[in-house]
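Dear colleague,

I am passing on the structure below, with some notes on what turned up in it. Please read the notes with the structure open beside them.

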Amino acid sequence: MRSRQPRERTAGQDRDDRAAVPSGPAPPARLLALQRAAGNRAVAGLLTGAVVQRSISHQPAGKKAQKVSWAKVSQWPAVAKADGLVAEVIRVVAESKKIHLTVKDGADLVRQATALAGKPDTALVNAADTLLLLQRLLNLWALNGHPVTALGAVIEQRTDDLSGVDNRITGSGLTITMPVTHKGYSTPAGLVGAPANPKGRDQGKFKSVAHSTPLRSKTTSSVNAHLLGELHKQGQLRAIGTSGGTLQICPTCGVDNFLESFEVDHQVAFADIKQTFFDVAEEMTGNPKLLQQVRKKNAKAFTRCFTVTKAKGKGKKTSTVVTATAEALHVFSNDVDNLMRICRTCNGAFGKSDMNYLKWYRENPLFGPHFVNEHLCDDSGLLMPRAKGGGGWGQAARKWFNTHYYPILKDVFELRELIEAGRTSMIREASRRVAAERTSDPTRKRKYREEAKQDRYSNRVLVGSARVLTKAHTDPGRAPMRSGSPERQVKGVGTFLENYERDRKRRRTEETTDYQRGHQDGKAGLKQAKKTTPDYRKGHADGVAAAGEDRDTGYEHGVTGLASAHPVGALPTYDEGFQQGTQRRWDVYDAGVRDGEADDDADTGIAKPTEVGYASLLVLYMESYNEGRPNRV
């Protein structure tokens, strides 16, 4: 690999992981490919005089250890059936100078390789000879919950070592797949045929156009308008409140924000796209055979992406120089499949910025190693990284969010509607207070104060309710809910808030002395006093109803065998119901013992399905029935 062109780098920027790995067990074809690769390396070693490494020792029970090669162990049945990742680990161990395994047989080798692959290991990172293998190991460690912070520098260096263009070029050269551009895209005339500039980002700039999106600006980039159109069709945009603004949920953090707070982000960083073109041009300049292969294989694409010129050398000699074009940078920068709208926080200096896209996905809770594993593929031989299926990583990430996260996160918009309504009410309250303090008109002053007071009451209800709901929702000790419970709770909250003000007259009645005295008499089972008021009579009726509820509760506790919820005598009507329930329970118990002793058929109709405590009584009956059977003479 020749020296690289100077490259712009930002704080925290990583090299681009260009690799991906197929998942699942290694099929015979994959195993053969591994064997062929090892064979090629062995032949190359013989031709150059290099020593072929053998770091696996085979030592059956009672025999001397013997070094074995990958070509041999790959034929062992257990290895042939091993998971694809484990098979790759065995291959690199067999050729490693730093890792040594002594095994009894193939099954033992698979066990040891599986254990080796399961935890972060510096030697294994350095032994990985493809980005495919390195990425799969990093995903496995992430899924197993093993941090790799301590290996950060080693991983970055190994990624750098494996990410050069020479690692993407295969025996048949390189395939240039032109990007998917949005409708109406065209390359600026000034860039066609012009050489690519190694500095700056101007040659990758998006075209500014007029638009019909909900953005509150007159113009925006054409790719931004395209992506907003896609989000609109998917229902991911929401006009909110009275501000005239429209919200989107960021696909990389899940936070809702106004459209103007988002940016179009390259998933494979533009800096990496640009560097790739300079590296490929440099490789072809020094390798006429590669130039011929790439030019022949990608006739139309080649003329858009590269120019070939002759340069004078010493004497009459000339040399071929390949140069990347500005058009290539612009068209690949506008690759819709590599783009996604994310919020400025996620795309800032403390967010993604130019971070390696696979590292970003793997560490992001909305994507993680599951997303990376599902979309990794072997994209060697391609000019630019692609996800499984041939699409770009931006397309894959947008689809993943829309499929797995937006259907749930869209309810955030309902919460935002409430916030916006509350904010509007609070601003209005403050404005009315300011107006009331500054007017000298007594009529207007009273009007503004009354309006501010009403807004204040409304705001107190909103904030107070929010506090209660927040506490209930975040309480770590809350009991598990059952089906239907969320709907019942929501209905209960709604009914309470709707009826609270409507029931003001009832609440005032309940606060009177006559009502409270009548309620106390009714609940105690006393008859109404002779001379009463309407409030007393209402209280007495409600007290009788409350006593009935207490009696029913006591009966339910007694019949199901629960302990009394109140000290004896504290709530007479509850005690009465509890005694009745307990007696019913004893009656069923006695009936079960009696029927069992008499060897009669079990009476499964001892309790009716509609009866309170039906299930508990039926269980009690069958237990006492079985208890009575051994006692029969």
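**Confidence and overall form**

The model is a predicted one, and its mean pLDDT is 86, with 90% of the residues of the protein reaching 70 or more. Over residues 1-28, however, the pLDDT is below 50, although this stretch has 102 contacts in the model beyond near neighbours in sequence. Residues 34-52 also stay under 50 in pLDDT, and for these the model has 14 contacts beyond four places in sequence. I would ask you to keep both stretches in mind when you look at the overall form.

As for secondary structure, the protein has 26 helices and 12 strands. Its radius of gyration is 38 Å, whereas the globule rule gives 26 Å for 633 residues, so the protein is more spread out than a compact globule. Taken along the principal axes, the box that the C-alpha atoms fill is roughly 130 × 100 × 40 Å.

**Helix α7 and its two partners**

Helix α7, which covers residues 131-143, comes within 10 Å of helix α8, residues 152-162, when the distance is taken between their axes, and the two cross at roughly 155°. Because an angle over 145 degrees counts as roughly antiparallel, α7 is described as roughly antiparallel to α8. The crossing of these two helices is left-handed. On the α7 side the contact involves L131, L134 and L138, which meet I155, R158, T159 and L162 of α8. Sorted by class, the residues in the contact of α7 with α8 are five nonpolar, one polar and one charged.

Helix α7 also packs with helix α16, residues 368-375, at an angle of about 150° and with the axes 9 Å apart. That angle makes α7 roughly antiparallel to α16, and the crossing of α7 and α16 is left-handed. Here N139, A142 and L143 of α7 make the contact with P369, H370, V372 and N373 of α16. By class, the contact of α7 with α16 has four nonpolar and three polar residues, and no charged ones.

**Helices α25 and α26**

Which way do α25 and α26 cross, left-handed or right-handed? Helix α25, residues 572-597, and helix α26, residues 614-628, pack with their axes 7 Å apart and at an angle of about 35°, and α25 passes α26 in a right-handed crossing. From α25 the contact takes in R584, R585, V588, Y589, A591, G592, V593, D595, G596 and E597, while α26 contributes S616, L617, L620, Y621, S624, Y625, E627 and G628. The residues of the contact of α25 with α26 divide by class into eight nonpolar, five polar and five charged.

Key. Residues are numbered from 1 along each chain as its sequence is written. This is a predicted model: local features need pLDDT of at least 70, side-chain atom pairs count only at pLDDT 80 or more; totals for chains, interfaces and linings use all residues. Side-chain values use heavy atoms; hydrogens and water are left out. Axes are lines fitted to C-alpha atoms, for helices over the stretch in contact, and angles run from 0 to 180 degrees between N-to-C directions. Helices (H or I, at least four residues) and strands (E, at least two) are DSSP runs, numbered from the N terminus. Angles under 35 degrees count as roughly parallel, over 145 as roughly antiparallel, 65 to 115 as roughly perpendicular and the rest as oblique. A crossing is left-handed if the near helix is turned anticlockwise from the far one by less than a right angle, and right-handed if clockwise. Contact means heavy atoms within 4.5 Å. Ala, Val, Leu, Ile, Met, Phe, Trp, Tyr, Cys and Pro count as nonpolar, Asp, Glu, Lys and Arg as charged, and the others, Gly among them, as polar. pLDDT is the predictor's confidence in each residue, from 0 to 100. The radius of gyration is taken over C-alpha atoms; the globule rule is 2.2 Å times the number of residues to the power 0.38.
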